[in-house]
Structure formats: C-alpha cells, structure tokens
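Me: I have a structure open and want to talk it through. Can we start with the ligand?

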Amino acid sequence: MAFRSFQDFLEQIERASELQRVSEPVDTDLVIAEWANREMKSPGGGKALLFEKPIIDGKTSAFPVAINTMGSRKRIAMALGVNDVADLAQEIQLILKAKPPTDLREGFALLKQGIHLLHARPKSVREGVCQEVVHILDSNQPSNYAGPARTKYQTSLLDLPILKCWPKDGGRFITFPNVHTRDPESGARNVGMYRMQIFDERTTAMHWQVHKVGARHGKVYYQRGERMPVAVTLGGDPALTFAATAPLPDGLDEILFAGFLRKKSVELVKCKTIDVEVPADADFVLEGFVQPGEMRPEGPFGDHTGFYTAVEDYPVFHLTAITHRRDAIYPTTIVGPPPMEDFYMGDATVRIFLPVFKMNFPELVDMTLPPEGVFHNLVFVSIRKQYPYQAFKVMHGLWGMGQMMFSKYIVVADEDCDVHNTSEVLFRLCANTDPVRDSTIIRNPSDSLDHAPTEQNIGSHMGIDATRKLPGENYHRPWPELLKMDERVQRIVDSLRKN
Ligand SMILES: Cc1cc2nc3c(=O)[nH]c(=O)nc-3n(C[C@H](O)[C@H](O)[C@H](O)COP(=O)(O)O)c2cc1C
C-alpha cells in the first residue's frame, strides 16, 4: 500500500502505537542521537520518535525530526505496506516461478521484467508537493562562500535539523538521504543511500564508497570531464528510502522497485535547477552537482561498524536549490554499535530477496545476517545437503553475489538448524567442525568501512562448514545422532505442563 506522504506513514505508525512524540525542545547536537540510541537498543527496536521541536545552535528548527521509523519488524513491514515482509518475498517468488530462470543473471532480468509489468513503472508529473517551497541558490556564488549566513535565501542546509550523532564526529551528517544519479552513457537511474557531511550552508561531502553505483556513475562523469548532476531526496514514501538501501544489482532501478513494493507508480517531477527527476512526494529535495576530481576530507563518523570511521577524501556535493513541502518532516537515523535501526532494514532485505538466493542455490533453506555482524561481517546459512563440499559451493556462490562479496564470515549449517537462533548456530559450529578440515579462507573485496583488514577495501574472508559430514568429506567415523526427545513424550509433557 502506498503512502500519500511521509507524514501519512508516521500517522499510521502512531495509530499502531509505534510512534512516540517528543514535544519538549531537544538538541540536534548529540542529544536526539543518544535518545534514539537508547530506543533502538530496547527490545524489538523500541518506538519511532518524532521530535517536534529540534534545536539547532540554540534555535528551534521549523522542521520536526523523525527517527527510528523503520527500526522494528512491525514498522518495516508497515513501511512496505504488508503485514510481514515474507509476503513480498512470496510475490517475488511468483514472478520468478512464471518462467524458471536458468541462472542468476537471467533471474534478475526476469525479476526486472516482472516488476516492470506490475504497476511499478514511474510516472512523470508536472507538479509535486516536494516543490511547494522553492529556494534557488545563486549559482555564481563560490562554493567556499563565507559571507553572512542566510541572507541570499531563506532555507539553507544550516536550517535543517541535521544531527551530530557521536561526540567525535567531524560535524553534522545527513544519514537517511536518497541520492539520485544517472549513468550518463546508458541513462540508467540509481538511488542509493550515502551519508552527507555538512561542510557549510551549500556544500556537503558525498560518501559513496568505491563499490557503490553512485561512485561508478561518478567515475563516468569524471572521465568525460563533465559536472555530475545529483539530486538528494529526504522523506516521502518510506518504500523508496528502503529501496535506496537495498543492494539491488546495478541497473535494477530503485524507483521501479519502490513502485513494486508500494504497488503504485512513483510519481516523478523535474528538479528546478538540474536535469534529474525526483519523487514528487518527497519532504525535501537537495538539488546540486558533483564536480569531477574535487575531493575533500570527510569524517570522522561514528559508523555502523560500532567504531569511528577515519577521515578520508570523498567527492563534494554543491547545492543549487532546496525545495520542500510546506509541512516537511526531516527523516534521519543513527548508526553505531548494534542493534540499530539499519539492522531491521538489512534483515528485511534478506527476507525479501531470499527467493532470489534460493533460485541460485536450490539447497538453501534459510539465511540471516545477525545484528552482531553489522551486515557484512557474519552470515548464517542453512542448507539441505546432498553431496560432499556442498557447503563450500554455497559460500563461494554467495561471495560472488553483489554486496555479499563483503561477507567476512559465512557459517553453513544443516537444514534443521534455526539460523535466526545465534546460540543454536554457535552450538553447531563448535560441535560439528574440525577447524582445519571445515574452514576455508579466501581473498575478496572488503567493505570500505571494515577497519580490520591490513589494507582498505581488500581482505580475507572465512567460510565454516558446520554441517554434518558426508562420506567423501574426510571424516572416517560414524557421525553421531543429535539428541532429540521422543515426540510422544513431548506431547505428554506439553499436556502435563498445561494443567
Ligand atoms: C543508514 C544507512 C546509511 C548508509 N550510508 C552509506 C554511506 O555513507 N556510503 C555508502 O556507500 N553506503 C551506505 N549505506 C549502504 C548503501 O546504502 C547500500 O549499500 C546500497 O545498496 C547502495 O546502493 P547502490 O548499490 O545503488 O550503490 C548506508 C545504508 C544505510 C541503511
């Protein structure tokens, strides 16, 4: 189900008792972040928070702050208009089943085609509420403008209630942006979530990491020596914000995918100062460009790894206009030691795309990325094992799939292991493995944020086969049977305990 606006979504989660309003003034400098961190760490992800009077530099912002809006299983399902994200997995499965693909490439092509047919194609419109208020910046003004603040235009980046999240952060960061770019050669659109550090009222950093599609688009512009138009949207239907974080294959349009998720086309309106279309329902649109070759130190930033990411050079985003709804709400999140809001987003992604993984690995029963692994560090998989070394085949396959390449540890267990129960997986891992025989270490690209590898972006990954061993797997004794109580006895005790 599509939401009319971000506000509409917030009203729905409020009706479901999933949102807490905070009416007293709260500082955007660390205080909202600390409040949200405690909420995110409470059982099941706590509630979404709506700070009605966020304070920036001692003044109350004109825009409220919403945070932790997708930080629970219930809220992420509500954001995507379903009771459970498994319903979306089922729809994807139906598309894939229509004509069983023979390999992964064909599977994604088919998924794209199927999604396209389903009410998902975006629609261009002439007007959008995201442009109810328009502030076009003087494009001749230098980007290192140091003159009096806010004299040339009414709303600048400094008026948005952008958080400073952790004490040693290099400044304030936009943490929930949908960054819209185009491949200048193919025309393919991409929307990714890449944080943006505020440098001044009209410039920010653009933190697209080297493996991400925004960075790839940027490289093509740099090679052509052309200025890269970039639009950033905040708010609007949460389906697009979720889609921007999903590791879709390069070329599968997030706006199309958002249309599929919300079961309604996303309406797009032309930006005022750049040739980019953006969702008409967004709360804020930041229009601007990235100049080829221009880099600036970004960070430090308290990251989803649970550590500060060091200062590094990243491209610079120059603002040419801010447009927004009259009643805009600023959406944000914080990342840090797990679990945080992003865990629920990543978890939903894995559950929605499970059919795509299963299509490539028919033996795959279930898969999860537990919160302790902050996405890429830890993957638990269960398989129906038929032949020797099948667990290794699955690990290598996963390491070859898009952002799964970053998976630092993959543990494969048998089908009867509940991978969502970390203690059960650890039990299997400890009990069923001989480390030399059952592990493999490979070289692969690493997540740019991983501070452990000797060199950034490259490292080693470990796979552990915690399945029971079959003949041919260098195990020469009878495999013992796992203890399990008789079902008849279980039933007796069930009824005795009821009485
Ligand atoms: C809250 C949040 C913040 C993120 N920040 C960044 C970031 O700053 N840089 C980045 O490259 N990826 C970041 N990501 C991950 C990307 O959004 C994710 O890898 C996405 O799939 C990238 O899209 P792309 O494949 O179209 O580039 C973030 C994800 C979340 C949930």
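Me: Which residues come nearest to the ligand?
Reply: This is a predicted model. Of the 20 residues around the ligand, those that come nearest are Gly192, Met193, Arg195, Gln209 and Lys212.

Me: And which elements give two or more residues to that shell?
Reply: Those are β11 (189–192), α6 (213–224) and α9 (341–360).

Me: How does the shell around the ligand split by class?
Reply: There are 9 polar, 8 nonpolar and 3 charged residues in the shell.

Me: Ok, zooming out. How many helices and strands does the protein have?
Reply: The protein has 13 helices and 26 strands. Its radius of gyration is 24 Å, close to the 23 Å from the globule rule for 499 residues, so the protein is as compact as a globular protein of that length.

Me: What box do the C-alpha atoms fill?
Reply: Roughly 80 × 60 × 45 Å, along the principal axes.

Me: What share of the residues counts as buried?
Reply: 47% of the 499 residues. As for contacts with a separation of 6 or more, 68% of them are between residues 24 or more positions apart.

Me: Now the strands. In which sense do β14 and β17 pair?
Reply: Antiparallel, over 7 bridges, with β14 covering residues 228–234 and β17 covering residues 284–298. Within that pairing, valine 230 has glycine 288 of β17 as its bridge partner.

Me: What about β17 and β20?
Reply: β17 also pairs with β20 (residues 312–324), in the antiparallel sense over 11 bridges. There, proline 297 is bridged to aspartate 313 in β20.

Technical notes:
Residues are numbered from 1 along each chain as its sequence is written. This is a predicted model: local features need pLDDT of at least 70, side-chain atom pairs count only at pLDDT 80 or more; totals for chains, interfaces and linings use all residues. Helices (H or I, at least four residues) and strands (E, at least two) are DSSP runs, numbered from the N terminus. The radius of gyration is taken over C-alpha atoms; the globule rule is 2.2 Å times the number of residues to the power 0.38. A residue is buried if 20 or more other C-beta atoms lie within 10 Å of its own, exposed if 12 or fewer, and partly exposed in between; C-beta atoms are placed from the backbone. Two residues are in contact if their C-beta atoms, placed from the backbone, lie within 7 Å. Two strands pair if DSSP finds at least two bridges between them. A residue is near a molecule or strand if its C-beta atom, placed from the backbone, lies within 6 Å of it. Ala, Val, Leu, Ile, Met, Phe, Trp, Tyr, Cys and Pro count as nonpolar, Asp, Glu, Lys and Arg as charged, and the others, Gly among them, as polar.
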